[in-house]
Every structure is written in structure tokens, then in C-alpha cells.
Amino acid sequence: MTIEELIDLQEAGSRARVLGLASHENPYLKPGRTPTKDTSALEDWIARHDAWKFGWEAENASHEGKIVSFFSDIVRPNGRQVLDS
């Protein structure tokens, strides 16, 4: 997956949240979308699923007024607080 594809998938997840879709409506969770036999295809699927989910979760945190804590949880090394909230 290219960086452009990654960003597009994150934006798609964010747009889905704006449109009111739930996180379980991730298109990569639809029946038949999960590869079962090819390990590299499964790794690609996981990366795409996670990129969409990240976009959805970031938009959700923004919508709920929790964006600072969302990103501080991501960048907090070893449980130390990085950002003041």
C-alpha cells in the first residue's frame, strides 16, 4: 500500500464517521473481503482495515471533543503523558 492509499483510507474512515456510519461498518469487515489463504494479502487487508478504522476513530474523537486524549494515547511512550489536556 502506498502512502497515498493509506491517507485515502484514513480519509474514507473519517468521512464515514461524519456521515454517521458506525465503526463496525468498516468496508473491510464485509463478508468475502477478508483473505484467508495468502499471508501477504492478509497483511495488506489488516493495514487497510486499520487505516480506515484510524480515520474513523480520529474523527469520532474530534466529534466527541476528545482529540487531544486520542492522539496523546497514541504517542504516549511507556505510559508517560506527552500532551497536557
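1. Residues 24 or more positions apart account for 52% of the contacts in the protein with a separation of 6 or more, a contact being heavy atoms within 4.5 Å. The structure is a predicted model, in which local features need pLDDT of at least 70 and side-chain atom pairs count only at pLDDT 80 or more, while totals for chains, interfaces and linings use all residues. Residues are numbered from 1 along each chain as its sequence is written, and side-chain values use heavy atoms, with hydrogens and water left out.

2. The protein has three helices and zero strands, in the order α-α-α along the sequence. Helices (H or I, at least four residues) and strands (E, at least two) are DSSP runs, numbered from the N terminus.

3. Of the 85 residues, 22% count as buried. Buried means under 20% relative accessible area, exposed means over 50%, and partly exposed is in between (1.4 Å probe, protein chains only).

4. Two packed helices are described by the angle between their axes and the distance between the axes. Here, helix α1 (residues 3-18) and helix α2 (residues 39-63) have axes that come within 7 Å and cross at roughly 45°. The axes are lines fitted to C-alpha atoms over the stretch in contact, with angles from 0 to 180 degrees between N-to-C directions. α1 and α2 are therefore oblique to each other; angles under 35 degrees count as roughly parallel, over 145 as roughly antiparallel, 65 to 115 as roughly perpendicular and the rest as oblique.

5. On the α1 side, the residues making this contact include Leu6, Leu9 and Ala12, and on the α2 side they include Arg48, Trp52 and Trp56. By class, the contact has nine nonpolar, six polar and four charged residues. Ala, Val, Leu, Ile, Met, Phe, Trp, Tyr, Cys and Pro count as nonpolar, Asp, Glu, Lys and Arg as charged, and the others, Gly among them, as polar.

6. Is Arg48 buried or exposed? Arg48, a residue of helix α2, counts as buried because its relative accessibility is 17%. Leaving aside residues up to four places away in sequence, Arg48 touches Met1, Glu5, Leu9 and Tyr28.

7. Ile7 sits in helix α1 and is partly exposed, with a relative accessible area of 39%. Ile7 and Trp52 are 45 residues apart in sequence, and their C-alpha atoms are 9.0 Å apart in space.
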